[in-house]
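Please look through the briefing below with the sequence and the structure side by side.

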Amino acid sequence: MRLNQISDNPGARKGRMRVGRGIGSGKGKTAGRGVKGQKSRTGVAIKGFEGGQMPLYRRIPKRGFRPPHQKSYQVVNLGTLQKAIDDKKLDAAKVIDAEAMLAAGLFKNAADGVRLLGKGEIKTKIEVKVAGASASAIAAVEKAGGKVELPPKPVAEAA
């Protein structure tokens with residue numbers, strides 16, 4: 001066997017449909033588009049058009065506002081943290097920060113930081129350094145003998 005004798009299995013590559021090539025091809029005349037009208041022509045975009053009736057996307061009221069530059073935090077619960085410590089993925093003796101959690105596989109990317117929430121319980125004494133934490137999470141970590149370190153809050157400038 002030589003390189004020029006290698007070929008695909010029969011039926012492995014399907015040729016593209018050539019439309020509008022005569023009535024005997026099965027895709028002649030209207031080329032599979034039906035008959036007449038706007039949709040049978042080329043260059044038509046009538047996805048949201050409802051025949052002059054006010055389209056659904058305009059009938060429904062607009063609600064809410066999403067700030068374009070809001071921060072997106074990765075959420076970690078205390079129960080998840082405890083499970084990672086029990087599974088020896090995190091070392092409770094060291095400071096647990098976003099990099100350590102990422103290395104432990106608690107999430108895929110840290111986004112704008114990690115926010116600690118109080119779901120589940122923590123039994124181990126740990127020191128956590130995160131971008132944010134709920135009051136219940138801080139209380140639970142301190143009850144277990146650990147501490148939560150948060151970044152300093154920006155001081156509002158006097159106008």
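Which residue in S4 is the bridge partner of Ile96? In S4, that partner is Val128. This is a predicted model, in which local features need pLDDT of at least 70 and side-chain atom pairs count only at pLDDT 80 or more, while totals for chains, interfaces and linings use all residues. Residues are numbered from 1 along each chain as its sequence is written, and side-chain values use heavy atoms, with hydrogens and water left out.

**The open sheet**
- In the order S2-S4-S6, 3 strands form an open sheet with parallel pairing (strands are DSSP runs of E with at least two residues, helices are runs of H or I with at least four, both numbered from the N terminus; two strands pair if DSSP finds at least two bridges between them).
- Strand S2 (95-96) and strand S6 (147-149) are the edge strands, each pairing on one side only.
- S2 and strand S4 (residues 127-129) are joined in the parallel sense over 2 bridges.

**Strand S3 and its partners**
- Strand S1 (residues 74-77) pairs with S3 in the parallel sense over 4 bridges, and Val75 stands opposite Arg115 in S3.
- S3 also pairs with strand S5 (residues 132-133) in the parallel sense over 2 bridges, where Gly132 is the bridge partner of Arg115.
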